[in-house]
Every structure is written in C-alpha cells, then in structure tokens.
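Reader: I have the sequence and coordinates open. Can we go through the geometry by question and answer, beginning with a helix on a sheet?

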Amino acid sequence: MCGIVGYTGPREAYPIILKGLKRLEYRGYDSSGVALLSNNKLKVYKKKGKVAELEDSVIGLDLQGTIGIGHTRWATHGEPSDRNAHPHQSQSGELAMIHNGIIENYTQIKKELESKGYHFKSDTDTEVLLNFIEDIKINNNCALEEALRIALKRVVGAYCILLISNDDPTTIIAARKGSPLVIGIGKGEHFLASDASPIIEYTKEVVYVNDYEIAIVKPDELILKNLGNEKQTPFITKLDMELAAIEKGGYDHFMLKEIHEQPNSIFDCLRGRLLPQSGQIMMGGIENNMDAFIHANRIVIVACGTSWHAGLIAEYLIEELCRIPVEVEYASEFRYRNPVIHKGDVIIAISQSGETADTLVALESAKEKGAFIFGVVNAVGSSIARLSNAGAYTHSGPEIGVASTKAFTGQLAVLMMMALKIGFAKKTIDEKRYLQLMRDLESVPEKIKEILANTKEIERIAEKYKDASDFLFLGRGYNFPVALEGALKLKEISYIHAEGYPAAEMKHGPIALVDEKLPVVFVATKDSYYQKIVSNVQEIKARKGKVIAVATIGDDIIPGMADDVMLVPDIDEVIAPLLSVVPLQLLSYYVGLYKGLDVDKPRNLAKSVTVE
Ligand code: G6P
C-alpha cells in the first residue's frame, strides 16, 4: 500500500521519480506527490487523484533537482486530498518526508506536539511523525539521522519513510519497519523504491533493507545502520527480472496481459520441478523439510484475499492427497485471536506480494512460538519470503493488475506440486495416481491456451450481464473456492455485488435472492460432484434464475440447461481449479471493461496491503 520512490545522483530526479510512481501506482492511487531539492530549496508538488493528474498539474513549474522523493498514496489517515497527499513538509519547511505504513500512536505524539505549539496542515500520521523528528532534532541539536533514530524508538506501527532536508543537498535518509524498501545501486547514483519495478531499467543490483534499519543514501555511498547506530553490511542481490515483464506488451490492460500470460507463468512455475518422465518433483524447500510435513499433526494455512482462496483449495488437496488435517486462516483473524500454536506446527503462508501486513505479522508471532513457516510467495526477496524457514516461489513474474490472476494460478501450481510430493512420500497416494496427476498438471499450460484462444463467447456473456446488480457464484468440492474467487474478481473489477457459496449450501439462504434478474454462475465441471451440481442448477432454473455455467468440453447435460456456457477442457478434479478459474477471470475483466471502469486500478483497492 502506497508506493514510494527516491533518487539521488547526477541526473534530473523528477522524470525518474514520475516514471517510478507510474510503475508503483498499483500500490495506491488516490493522490500523489514529489519533493525535489535544488539550490538548498525544497519544492513540493502534490495532487489528489492518479499520477497522471500530478503530471498535468506541474507542467511549467520548476522541476529541477538531482535529488527527490515521490509518493503514490492509498489513504489510511485522512481522506484523499491535495492536503493529505505526500510528501509532507515539517513546520520549519526544512524537511520533506514520504511514508508508507501507519503510525499507530500518532494521536498521543500529535497532542504532545500541539501542546508545544505545532500546527498541522493535514490529517495524516505522517506529518505528525515528521514534526516529531524535527522537534527532536531542534531540542537535541543533533543530526537528522540521530533525530530519526530517537523518533523511531517511540513509534508504534509500520513504516517505510524517505526523508530529505534542504540543508543536505544529496542525502536521502530512509528507514523501514514492516513496509518494503529496495535500494538500487547505480554508478554514482542510488534509486529507492517500494519494489524493484521503478529501479529495473537503471540497475539490477539491489539491497533489500531490513526492518529496524536506517539507510543513509548519497549518490556514491550507501550506509546501513540499525536503530542502535551500528553499521550493517548491505547485502547486494541481483534482480532476476526484465523490463518487458513489467510493461503491458501490447495488451490494453495489465489484467488482460496477466490472464493471457498464464500458460507461460504456470509453465515457468512447473519447469524443472515437475518431472513426470522420471516421476520426480524437485522442490528443495519440501525435500529438506519432508519430516516436518510428514509428521505434522496439522497444517495451518495463513493468507489474505485471493491467496486465501488458493489456501482453501490447498486444504482440499492436502487433506485428500496427504491425509494431514488442514486449517485455513484469514491472517487478520489469526494474528489477533491468540491461536493455539505448538512447536513444530507447520504453517504455510501464501502471498503474492510477500508484504501483506496481516500475513507478515501473523507469521512473525507464529514463528516466535516455534512454528515452522513455509512460504508460497511470488515476490522474490520480499519480507514473507525472508521470514519463512523454507518455501517455494511461484515464479509468476511481476503482477501489476490489482486483481490477482496469474499469481493465483501460480500459487495453485506450487500447492499442487507440494501436495503430490508430500502425499507420495507419505504413501497416502499410490504411484499410479501420483503419475497421472503429474501428467495432468503438466498439461495445464496447453489447456489454458485452449481457453484463451476463444474468448469471444465470454465477452458476449459479459456484455449481456454487465448491468446486473448482483451475481451468485456456486461450486462444490474443489470448485467451491473457485466460485469464491470468481465472486471476488467480479466485485473487485466491476463493483457488482457478488457472493460465492457452496452450491448445496445455497438452499440455506441465497436461494431467497433468486429471481429472473439474478445471474448465477455455476462452476460445474465434470467431477465427482457433477450429478449433485446438476440438481443445484435445476433448483435455480426452477426459480427462473439465469444460469451461466463453466462446463467441461463434451458435457451434454449442463450446456443444455444453462442460459450461457463457458467451456473448459477436461482434467482431473484435483487440478480443475487451474482451468475453471480462467473463464471467471475473463468474465470479470470484460464486465469491468464494458462498464467503462479502470480494471487495473479498481477504486479503493491496492495491490499490496501493507497496513493492517
Ligand atoms: C490485496 C490484493 C489481492 C490479494 C490480497 C493478498 O487485497 O488486491 O489481490 O489477493 O491483497 O495479497 P498477497 O500479496 O498477500 O497475496
């Protein structure tokens, strides 16, 4: 949540920062701003709305400066407005700061500062922290870095901040706790950002700053210190990411590009790991910790949003193939409800960004209690990846569209391989089924290509139902979490109210909503629940509901009953979610498109939720 960018070096900072903010807009886009420094003078420009509006508003203004910081905001404290946009300036006007995160005890600090005569121009916690730093600096007559260190020791909450001062024309001071910060190392220049996407075109050498570290960044020097003022050695990582991966590549939207990337992203995820010819699944993180999985009394899966839906599918998979009890927890509930965690409990954390605050904190406390944390993460080097004891990356590539698509299928592919590998080692599945499921999983990229080769029918269905005010999504077994994901995608992208439900449970409530206006999407592929779901379709038809079915190619019953059909190739039910979710992703994309909405940046959402 909130994207931050900084630059210090020989080039003009503004174009670098602006481009960076556009790349980070998926993190929040209700307002944005930049602070530039030249001739010991700070210039701060900020604007409510998307980065393009900031860009328009600064035309003709003084944008000079070879050092600067920029921010794109997802509002937490204070409504989206010019006034609440970052950067904020301190009361003296000497300091400018941007912040991603939440300062929880800001009201207390604000009161203290107000009693000393401070006045605040915004409603933000950030402005409070900034003036707190300035106040410490003045009272102790100390360096800015020292004042920051003292302030951060008082602060409760999460932050990644970048700070510049008009009496130091080349230095950015940064600090992080709980919100990500990457520093790109150039030749005589440094780039700072919430993730690597603004940095990638300038350098591939980066340092991921750790929690409780302060970075003093000058054009040709990077000093890392902990809050105890001890120097830390920066650990330089090489980025394995190409610029093309974070651009639209001819598609109108990132979401559409990412849906269409799935044959490749799943192939990349399986590559070198899933080896049906030799009957092997190569996953070092599982291999090296097989005992922990085999002897686990239970597995707890912790995640949020779409990743939580992947977790629900993993529950079905792991219980069926490995016979290990699984609980799936919303990270935000798990972290606060004092869950029972024993030493050696296995926790699987699922996260695209690897930065979701609730998931991160839930894992930190479980790890402290002795749990073994296995991360299923997309963003390489992210906080959750680093916190995990072991893990498996999904290798889905950067996902920019706010609604998760290819990261979800990457998570499923990893979780399926994990369940197969553990189940086979535990002898809870026999070799025949193990090999058959491996081959089915291997066939997924080609089968998704078949779905994507003809999206015309899905576009037509989207246009037909785009004005509906509600949707119901129903599925059973492995397709029940897919129904939840279909409903979430539609809500996110089209702002149509949608509910996902187990198809049989529908009789205990949602059926009251059914009338001739309600579209009901059935995820009704050929599986062991098929006959049952046929009956559920009839129950809806009997009440004049409109049925849109995701059905299996060759099925001659469901297509005859449904008003509209989206077909997917046949595959084992354990693997089926990887196919059945794709038409639902496309349906929500096209409904959003026909409604004229910004599908890549839906209102109020953010891709990476780094506040709780
Ligand atoms: C946000 C995103 C969702 C995502 C969820 C969890 O709500 O908009 O797409 O599923 O966070 O994020 P994570 O990065 O932990 O998977």
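Reader: Which strands does helix H1 lie across, and at what angle does H1 run to S4?
Author: The model is predicted, so what follows describes computed coordinates. Helix H1, residues 13–23, lies across strand S1 (3–8), strand S2 (31–38), strand S4 (67–73) and strand S10 (190–193). Its angle to S4 is about 20 degrees.

Reader: In what order do the strands of the open sheet follow one another, and which strands stand at the edges?
Author: The open sheet has 8 strands in the order S3-S2-S4-S1-S10-S9-S11-S15, with antiparallel pairing. The twist averages 20 degrees from one strand to the next. An edge strand has a single partner, so one side of it is left without a neighbour in the sheet; this applies to S3 (41–48) and S15 (236–238).

Reader: How many bridges join S11 to S15, and what is the bridge partner of Val 206 in S15?
Author: Strand S11 covers residues 205–208 and runs antiparallel to S15, with 3 bridges between them. Val 206 has as its bridge partner in S15 Thr 237.

Reader: Is S2 largely enclosed or left open by the rest of the structure, and which residues lie on its two sides?
Author: In a regular strand the side chains alternate between the two faces of the sheet. In S2, one side carries Ser 31, Gly 33, Ala 35 and Leu 37, and the other carries Ser 32, Val 34, Leu 36 and Ser 38, all of them buried. With 8 of the 8 residues buried, S2 is therefore largely enclosed.

Reader: Which residue in the hairpin of S2 and S3 takes a positive phi?
Author: The hairpin has 2 residues between its strands. The residue there with a positive phi, near 50 degrees, is Asn 39.

Reader: Is Asn 166 buried or exposed, and which residues is it in contact with?
Author: Asn 166 sits in the loop between strand S7 (157–165) and strand S8 (168–177). Its relative accessible area is 17%, and the cut-off for buried is under 20%, so Asn 166 counts as buried. Leaving aside neighbours within four places in sequence, its contacts are Leu 37, Asn 40, Lys 41, Leu 42, Gly 93 and Glu 94.

Reader: How are H7 and H16 oriented, and how do the residues of their contact divide?
Author: Helix H7 (residues 262–270) and helix H16 (residues 444–453) pack at about 175 degrees, with axes 8 Å apart. That angle is over 145 degrees, so H7 is roughly antiparallel to H16. Gln 262, Pro 263, Ile 266, Phe 267 and Leu 270 of H7 meet Val 444, Pro 445, Ile 448, Lys 449 and Leu 452 of H16. The division is 8 nonpolar, 1 polar and 1 charged.

Reader: What is the handedness of the crossing of H17 and H21, and how do the contact residues divide?
Author: Helix H17 (residues 456–465) and helix H21 (residues 577–594) pack at about 50 degrees, with axes 8 Å apart, and are therefore oblique to each other. The crossing is right-handed. H17 contributes Ile 458, Glu 459, Ile 461, Ala 462 and Glu 463, and H21 contributes Pro 583, Leu 586, Leu 587, Tyr 590, Val 591 and Tyr 594. These residues divide into 9 nonpolar, no polar and 2 charged.

Methods: Residues are numbered from 1 along each chain as its sequence is written. This is a predicted model: local features need pLDDT of at least 70, side-chain atom pairs count only at pLDDT 80 or more; totals for chains, interfaces and linings use all residues. Side-chain values use heavy atoms; hydrogens and water are left out. Helices (H or I, at least four residues) and strands (E, at least two) are DSSP runs, numbered from the N terminus. Buried means under 20% relative accessible area, exposed over 50%, partly exposed in between (1.4 Å probe, protein chains only). Contact means heavy atoms within 4.5 Å. Axes are lines fitted to C-alpha atoms, for helices over the stretch in contact, and angles run from 0 to 180 degrees between N-to-C directions. Angles under 35 degrees count as roughly parallel, over 145 as roughly antiparallel, 65 to 115 as roughly perpendicular and the rest as oblique. Ala, Val, Leu, Ile, Met, Phe, Trp, Tyr, Cys and Pro count as nonpolar, Asp, Glu, Lys and Arg as charged, and the others, Gly among them, as polar. Two strands pair if DSSP finds at least two bridges between them. A crossing is left-handed if the near helix is turned anticlockwise from the far one by less than a right angle, and right-handed if clockwise.
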